[in-house]
Structures are given as C-alpha cells and as structure tokens.
Amino acid sequence: MTGTAPAPFTADVHRARMARAAGTAAEAGLAGLLVAPGPDLVWLTGYAPPAETERLTLLVLAPGQDPVLVVPALEAPDAARAAGAGALTLRDWTDGKDPYAITAELLEPRGTYGVSDNTWALHLLALQKALPDVSCAALTEALPMLRAVKDPAEVELLAAAAAAADAAFEEIRTMRFSGRREREVGADLAELLRRFGHSQVDFTIVGSGPNGANPHHETGDRVIEPGDMVVLDFGGLKDGYGSDTTRTVHVGEPTEEERRVHDVVRAAQQAGFEAVRPGAACQDVDRAAREVITEAGYGEYFIHRTGHGIGVTTHEPPYMIEGEEQPLVPGMCFSVEPGIYLPGRFGVRIEDIVTVTEDGGRRLNDTTREMVLVD
C-alpha cells in the first residue's frame, strides 16, 4: 500500500502555479502576494523551510515580475534544491543585514498585497514599518480559491491518501473495541495510517457513546462498552496531500433508533454527493444533505457545515455551507460529511472526500457507508 513515493512536481508545474497566482492576484486588484513558510509556499515552490525560525523567508509574487524568494543565506542551499527553485530567483540575506529593506525593494510602496495567513506578525509589522503606505489583505479572504482547483496529478495524490485511510478503516473494523479506551483505538488508527503511507497524522477522533455527540471530541480515557455507537474520524498527509474520512461503527447489535439515525445520515451523505456537479453552488451541497436530516426530524442536531476543501492541508476552502455561492469547478476536492448528534446519547457522521468531475462528482473514499458492527 505504501508503494513508491510519487515524483515531486516539476519546476514547470511550480512556475505555472506561481504565474497563475500572480495573475489571479492582479484580477483581484492586488499588487501581488507575500507568501511565508507554510502550505501556500510548499504548493507554490516545493520549498518547506524550518517551521520554527525567526529569520524572514518570504516569496514575493507580482504580475509581470519574476518570482523572488527572500531567504536566509544559511538556508539558501536547501531552498535551491526545492522542486520549484528553477522557476524563481533567490535573494539571500546574512545575519546583520536588514531583510525587510531587501524585501521592500521588491514591492510597490503603495500597493496592496495578499499575505499568507500564517505570516508571523513580527515580519508583517516590520515590513509595514519599512513601507508604511503598503496595505495587506489575508490571502484566504483575498484569494480563497487559490489552491481549490486541483490538477489531475493532485487529484490522484488525494485519491491515494483516501485509499490509505480506507485501508486503515478496513483494518480497524476487525479489531476489538469493547473494553478498550478511546485513546487506545485512536493510537491504533494513527499507527495504521502511518503503516499505509501517511507521513503525518493530523487527527484520530474516537467518540464512543455520548462522546460521539461532540463532533470534535478529544479522544480520551472513556472505556468503550457493548451497545456503544462509535464515531471514527481520522486523517493526515500522505505524500503531501490530505486524507479525512469518517465512519460510525456500533459495538454489537444496534437499537432500532440507532439504525434509523444512521440510515438518515447515510441518505443525507448520498444526497450531498449527488448534488455535486460543475456550476452548482457550494451551498447546494449543504442544502441537499441538510434537507434530508431536517425532513427526518433531526435538523437541530446537525450542527456543522457539510464539508470543507482538502489538499496540501486537511482543511481549506471551499466550504460546503449555507451562504457560500462559489460555483463548483472540476478539480475541486472537498468532504461531504453530514451528521446527527444527540446530546448525552450518541452521534453519527459519515464522511467521504469528493472531487468535482466534468459531469458530476467522484468519491475518493470507497469503504462501506452501511453501519459496521464491531466487537
């Protein structure tokens, strides 16, 4: 299942991404983009610098200009080996020099720039001091769809991550649940994700019995008992792209009510999936799933959005939520994950990652959505 790691994206791919980002920024009325270390920088350049460093690293993108990566000299050799290094110019700086003055030379003194969300305030404030007439906008607000449409290679990386998560579920469903603590099952899930190729595990939610009524329950020490409904929500990164899936299992035979609630959620998830097609609004997916749950009498117990985008992070735009009129476009990838949460009793959630195709949608998760009984 782990197989051979895929080849990194080429410099030409990163060049096209940076050009598209700069062009999109211009269309949005921005002078350019300032991208600090994080998922946007990795996606644009293939470069992942040390996560914890006070030294400025910043990609400057502007229409009609070559991309420039301002980078500390001691990290420049690593930056030069990045997959997209051939598509940009490196401007290194040494300790004792002013990196903000170097960066300021690359910017329009009165321009408005989209700034990646995880840029340190330390760096942004220093840049604004150097160029007091520059204004900034959060990248997620200014260009929310920057990474939303995946190319075919990205879709297949997401499909491979989903297949690895599916393999983890197929293994976990054969293991004993009754008499074990939630955190023990969560540890098994994390180990399985790694065994099937994940380099990073972002979450393993195990919500048993009444804990399942909390969508973001922190997996804890509760002992799973016969008769429990158990929500399993887990995911992470494989080869740089995310997985995220949820299945709800039952320890032993369920009650009639538990089966009914699970059937309603399954029907809602199917309705949300069937609403996926090019040109539909994101909110249409939410409405389709929510309508099924509301008509069944459980509308007040569906307490979150129906889905979120996924790519080089496990949560990103677009969002399947009322009020989001962004049209679906082939290549968008996101979750469809309705749920019903009965406080103090149990919860049910079913989640697949879906990609928009030319004529509808394609599920990337293939495990059964029927109720699975476990020991």
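**Local geometry and contacts in a predicted model**

At 33% relative accessibility, D239 counts as partly exposed. Here, buried means under 20% relative accessible area, exposed means over 50%, and partly exposed lies in between (1.4 Å probe, protein chains only). The model is predicted, so local features need pLDDT of at least 70 and side-chain atom pairs count only at pLDDT 80 or more, while totals for chains, interfaces and linings use all residues. Residues are numbered from 1 along each chain as its sequence is written, and side-chain values use heavy atoms, with hydrogens and water left out.

D239 sits in the loop between β8 (229–238) and β9 (241–242). Helices (H or I, at least four residues) and strands (E, at least two) are DSSP runs, numbered from the N terminus. D239 is not a glycine, yet its phi is positive, at about 50°. Another backbone feature is the peptide bond from P317 to P318, which is cis, with omega near 5°. P318 belongs to strand β12 (residues 316–320). Most residues other than glycine have a negative phi, and most peptide bonds are trans.

Helix packing was examined for α9 (residues 256–274) and α10 (residues 282–295). Their axes are 7 Å apart and meet at an angle of about 155°. Axes are lines fitted to C-alpha atoms, for helices over the stretch in contact, and angles run from 0 to 180 degrees between N-to-C directions. The angle makes α9 roughly antiparallel to α10. Angles under 35 degrees count as roughly parallel, over 145 as roughly antiparallel, 65 to 115 as roughly perpendicular and the rest as oblique. The crossing of the two helices is right-handed. On the α9 side, V264, A267, A268, A271 and G272 take part. They meet V285, A288, A289, V292 and I293 of α10. Contact means heavy atoms within 4.5 Å.

E274 is also found in α9. E274 is exposed, with a relative accessible area of 55%. In sequence, E274 and G361 are 87 residues apart. In space, their C-alpha atoms are 7.4 Å apart.

Two loop residues were then considered. N365 lies in the loop between β17 (361–363) and β18 (372–374). N365 counts as buried, at 1% relative accessibility. Leaving aside neighbours within four places in sequence, N365 is in contact with A162, D166, D244, T245, R247, D352 and I353. Its side chain makes a polar contact with the side chain of D166 (2.9 Å). The N365 side chain also reaches the backbone nitrogen of I353 at 2.8 Å. A polar contact is a pair of N or O atoms within 3.5 Å; within protein, one must be able to donate a hydrogen and the other to accept it, and residues adjacent in sequence count only if both atoms are side-chain atoms.

R180 occupies the loop between α7 (152–172) and α8 (182–195). At 13% relative accessibility, R180 is buried. Its side chain makes a polar contact with the side chain of D188 (2.8 Å). Residues up to four places away in sequence aside, R180 touches V185, D188, R222, V223 and I224.

Cysteines were checked for disulfides, defined as pairs of cysteine sulfur atoms within 2.5 Å. The count is zero. The sulfur of C282 is 12 Å from the closest cysteine sulfur, in C333, which is too far for a bond. C282 is buried, with a relative accessible area of 0%. C136 is partly exposed, at 29%.

Conventions
A crossing is left-handed if the near helix is turned anticlockwise from the far one by less than a right angle, and right-handed if clockwise.
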